[in-house]
Amino acid sequence: MLWAIGGGLFILTILTVVVSQLGLPSPLDILTALMIAAFKAYLVAAYFMGLKWDNKFNAILLIGALLFFILMVSVTLLDTMYRVEVIPSF
């Protein structure tokens, strides 16, 4: 089964490259690539990390850590919107 999951990840990687070469409109190409990446992350977490058969508490911890990471990145990106332009001193 792990070989099948690995093959699926390989095929999804090839699909990501093919989608990037198609020249889709700007928001559609990014959303497609993110959906493929999210599905690949699910496969890795569920099968290679064993979360599918493990205690559900570990899956909740993983989801909580990902939400915390998204929160911290979002707060950091909010700060970048209000920065003053850098003026060179020379």
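Guide: Let us start with the class of each residue in the lining. The lining of the largest pocket has ten nonpolar residues, no polar ones and one charged one. Keep in mind that this is a predicted model.

Now the names. The lining includes Ala38, Ala41, Tyr42, Ala45 and Ala46. Leu51 and Lys52 belong to the lining as well. So do Ala59, Leu62, Ile63 and Leu66. Two elements each give two or more residues to this lining: α2 (26–48) and α3 (56–80). The largest share comes from α2, with five residues.

How much space lies in this pocket? About 250 Å³. The idea behind such a search is simple. Rolling a probe the size of a water molecule over the atoms shows where empty space is left.

Next, the aromatic rings. The count comes to two aromatic pairs. One of them joins Tyr47 and Trp53. Their ring centres are 5.6 Å apart. Their planes meet at 70°. An angle over 60 degrees counts as edge-to-face, so this pair is edge-to-face. The two partners also have their own surface values. Tyr47 is buried, because its relative accessible area of 15% is under the 20% cut-off. Trp53 is exposed, because its 52% is over 50%.

Follow helix α3, and you come to Met72. Is Met72 buried, exposed or partly exposed? Met72 is partly exposed, with a relative accessible area of 39%. Compare the position of Met72 with that of Phe57. They are 15 residues apart in sequence. In space they are 23 Å apart, C-alpha to C-alpha.

Step back to the whole chain. The chain has three helices and zero strands. From the N terminus on, the order is α-α-α. The radius of gyration of the chain is 19 Å. The globule rule gives 12 Å for 90 residues. The value for the chain is well over that, so the chain is more spread out than a compact globule. Its C-alpha atoms fill a box of roughly 60 × 40 × 25 Å, taken along the principal axes.

Two last figures. Of the 90 residues, 13% count as buried. Take the contacts in the chain with a separation of 6 or more: residues 24 or more positions apart account for 58% of them.

How values were computed: Residues numbered from 1 in each chain as written. Predicted model: local features only at pLDDT ≥ 70, side-chain atom pairs only at ≥ 80, totals over all residues. Heavy atoms only, no water. 1 Å grid on protein atoms, 1.4 Å probe; cavity = no way out; pocket = protein on both sides within 12 Å on 5 of 7 lines; lining within 4 Å. Points joined across faces, edges and corners; volume = space filled by probe spheres on them. Helix = DSSP H or I, 4+ residues; strand = E, 2+ residues; numbered from the N terminus. Nonpolar A, V, L, I, M, F, W, Y, C, P; charged D, E, K, R; others polar. Phe/Tyr/Trp six-rings, centres within 6.5 Å; stacked < 30°, edge-to-face > 60°. Buried < 20%, exposed > 50% of the residue type's maximum accessible area, 1.4 Å probe, protein only. Rg over C-alpha atoms; globule rule 2.2 N^0.38 Å. Contact = heavy atoms within 4.5 Å.
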